[in-house]
Structure formats: structure tokens, C-alpha cells
Amino acid sequence: MKKILIALFFCGILTSGCKKKICGVISAISTESSPADGQPIYKVYLKTGEVVPMKSKGSYQVGEAYCND
């Protein structure tokens, strides 16, 4: 039992740094102001239901494919 807990602990540490890959087609892009400093925050809404916050809009457009590689 102790070995299993140690193994799970190390697996958690090793995978915690991994970024979840999100891919989909952009259905909408919104702009909001950050409550902390007033800087714009862009949110990309994908058709899969995922919402991806960004600091810059970049050249993304509605209908384009998006992946956070």
C-alpha cells in the first residue's frame, strides 16, 4: 500500500507540469478588462465548449482552427 501511494505521488508530480492540449474551431472571441490592472484579456470560445484566456488576440479569427501547442 505504501509503494502504491509513493508511486501515485510521483506520478502526480511528473504530470502536474504538463499542459493540457486544447484544440478546436473558434466560435467566438471576446475582450474583457482585467480587474487587477485594467489590461485587456481575450477569451477564445471553441465549438467544443472550451474557453481559452489569452493576453493578446493575435491573428485568430472566428471559424479558424485553434490549438495551444
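**View 1. The pairing of E2 with E3 in a predicted model.** In E3, Val 51 is the bridge partner of Tyr 45, and four bridges in total join E2 to strand E3 (residues 51–54), the two running antiparallel. Strands here are DSSP runs (E, at least two residues), numbered from the N terminus, and two strands pair if DSSP finds at least two bridges between them. E2 and E3 form a hairpin with four residues between them, and in its turn Gly 49 has a positive phi of about 100°.

The model is predicted, so that local features need pLDDT of at least 70 and side-chain atom pairs count only at pLDDT 80 or more, while totals for chains, interfaces and linings use all residues. Residues are numbered from 1 along each chain as its sequence is written, and side-chain values use heavy atoms, with hydrogens and water left out.

**View 2. The hairpin of E1 and E2.** Strand E1 (residues 23–33) runs antiparallel to strand E2 (residues 40–46), and seven bridges join them; Thr 31 has Tyr 42 in E2 as its bridge partner. Six residues lie between the two strands of this hairpin, where Gly 38 in the turn has a positive phi of about 80°.

**View 3. E1 beside E4.** Three bridges join E1 to E4, which run antiparallel, and Val 25 stands opposite Ala 65 in E4.

**View 4. The whole sheet.** The four strands form an open sheet in the order E3-E2-E1-E4, with antiparallel pairing. Because E3 and strand E4 (65–67) stand at the edges, each with a single partner strand, one side of each is left without a neighbour in the sheet.
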